[in-house]
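Reader: Hi! I'm new to reading protein structures, and I would like a close look at the ligand and what surrounds it. Could you walk me through it slowly?

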Amino acid sequence: MAVLHTKAVTVILSVTVLLGLLYLSQYYRIYLSFEEKWKTVEAGSAIETTKFSQPGIDLHLVSPEHLKYNQPSIVHGRADVVTVTPWLAPVVWEGTFNSFLLDSIYKRKNITIAATVFAVGKYIMFLKDFLQTSEEHFFVGFRVDFYVFTDRPNEVPKVNMAAGRKLTVRSVPSSNRWQEISARRMEIIQNLIEEKLQNRADYIFCLDVDSKFHGRWGAESLGELVAVIHPGYYRDDRSKFPYERRPASNAYVAPGEGDFYYCGGAFGGLMQEVHLLAKTCRKNFEDDTKKGIEAAWQEESHLNRYMWINKPSKVLSPEYLWQDFKPKNPEVQIIRFSGVIKNYANIRPN
Ligand code: UD2
């Protein structure tokens with residue numbers, strides 16, 4: 001009887017020890033996998049920070065107390081347009097935001113907005129109107145630093161700028177191919193951010209010079225990565241978008257893929273995001289060149305490929321880049337920025 005009892009105790013003890021070991025091994029595995037994940041995340045952020053060292057910008061949206069503004073609604077609003085993308089980024093249309101509220105929030109943040117504009121060769125003729133109208137409509141009341149890139153620095157017009165706004169002129173070589181002028185912008189933007197802007201501005205917008213501002217372009221446009229819907233294709237099926245369609249190009253977008261067709265003439269966001277965009281598009285463009293390929297719409301094609309994979313956190317409606325020759329569609333209640341009518345044969349070098 002005593003022998004039986006001892007055997008039972010031994011069996012129970014062995015089972016308990018085995019179960020304990022099993023439990024410990026599972027626990028250890030879970031612990032290990034957490035540790036691995038944690039390490040992966042840390043490694044990821046280490047790569048990000050070595051790539052770019054912008055001090056973190058405060059993204060909190062703090063409103064002044066007791067601000068009086070119209071009650072917002074989640075059942076009434078624009079019903080004629082889509083105001084959010086399938087990845088839940090806002091699409092900014094007139095009537096979707098309160099400019100007074102936004103300005104009250106963002107003016108407290110003391111932010112600086114940089115804007116780049118290229119005026120190479122005869123395109124210098126567009127700069128005066130661009131700058132003058134930006135004083136009336138582009139981030140009025142904010143600190144704005146314009147960077148003009150031109151091969152004709154002596155022809156940069158004198159434009160009165162409000163306090164807190166300034167203009168820096170940088171020389172770039174001219175070119176006898178407009179495609180190269182347009183495409184090299186990514187490289188120059190990348191270098192500008194690396195050399196000068198990392199700690200000097202919070203957001204950046206890169207804009208075409210042959211355009212004028214006609215309406216407010218302000219804090220509603222701020223976001224991490226901001227794309228503008230091209231006015232020429234926003235009602236079309238994506239099979240009609242002029243994406244680069246040759247698989248050999250790094251800008252390739254396959255049939256049945258892509259979200260929207262975005263403009264090369266206006267994009268922006270946080271400095272860090274635009275730096276990554278410019279760096280990636282430049283590299284993809286240069287790799288294409290080595291293979292003897294130039295994407296259908298130069299950097300616009302690479303930008304479209306980039307934005308398809310790296311979804312913009314805010315999408316600006318075609319109000320933010322219209323074209324003067326296009327009659328206004330009913331859903332476009334205001335034109336904020338628009339390309340002027342130009343005679344390509346007279347102004348382009350080729
Ligand atoms: C479209 C895009 C443009 C660019 C181009 C593709 C819009 C509204 N425009 O415009 O951004 O993606 O397709 O290459 O999305 N430039 C000069 N000197 C020149 C030529 C160009 O300074 O001789 C600069 C200038 O800032 C101009 C920009 O490059 O605004 C784009 O060139 P464009 O306006 O001739 O290109 P476009 O109208 O085909």
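Author: Happy to; we'll begin with the whole protein, go on to the ligand, and then visit some other parts.

This is a predicted model, in which local features need pLDDT of at least 70 and side-chain atom pairs count only at pLDDT 80 or more, while totals for chains, interfaces and linings use all residues. Residues are numbered from 1 along each chain as its sequence is written, and side-chain values use heavy atoms, with hydrogens and water left out.

The protein has eight helices and eleven strands. Helices (H or I, at least four residues) and strands (E, at least two) are DSSP runs, numbered from the N terminus. Of its 350 residues, 44% count as buried; buried means under 20% relative accessible area, exposed over 50%, and partly exposed in between, with a 1.4 Å probe and protein chains only.

Now to the ligand. The shell around the ligand has 23 residues, and those that come nearest are Phe 118, Tyr 123, Asp 210, Gln 298 and Tyr 344. A residue is near a molecule if one of its heavy atoms lies within 4 Å of it. This shell divides into twelve nonpolar, four polar and seven charged residues. Here Ala, Val, Leu, Ile, Met, Phe, Trp, Tyr, Cys and Pro count as nonpolar, Asp, Glu, Lys and Arg as charged, and the others, Gly among them, as polar. At least two residues of the shell come from each of S2, helix H4 (178–183), S8 and helix H7 (298–309).

At Val 120, a polar backbone atom is 2.8 Å from a ligand oxygen. Asp 208 places an N or O atom of its side chain 3.0 Å from a nitrogen atom of the ligand. On its own the ligand has 720 Å² of accessible area, and the protein covers 95% of this. Such areas come from the Shrake-Rupley method with a 1.4 Å probe; for residues, only the protein chains shown count as cover.

Phe 130, Phe 138 and Trp 217 have the most contacts inside the largest nonpolar core, which has 44 residues. Strand S2 (112–119) and helix H3 (127–137) are among the elements that each supply at least two residues of this core. A nonpolar core is a set of buried Ala, Val, Leu, Ile, Met, Phe, Trp, Tyr and Cys residues joined through side-chain atoms within 4.5 Å.

Finally, let's look at a loop. Ser 175 sits between strand S4 (165–171) and H4. Is Ser 175 buried or exposed? Its relative accessible area is 16%, so Ser 175 counts as buried. A polar atom of its side chain lies 3.0 Å from the backbone nitrogen of Arg 177. Ser 175 is also in contact with Glu 180, Ile 181 and Pro 349, leaving aside neighbours within four places in sequence. Ser 175 and Pro 349 are 174 residues apart in sequence, yet 7.5 Å apart in space, C-alpha to C-alpha.

Note on methods:
Polar contact = N/O pair within 3.5 Å; in protein donor to acceptor, adjacent residues only side chain to side chain. Contact = heavy atoms within 4.5 Å.
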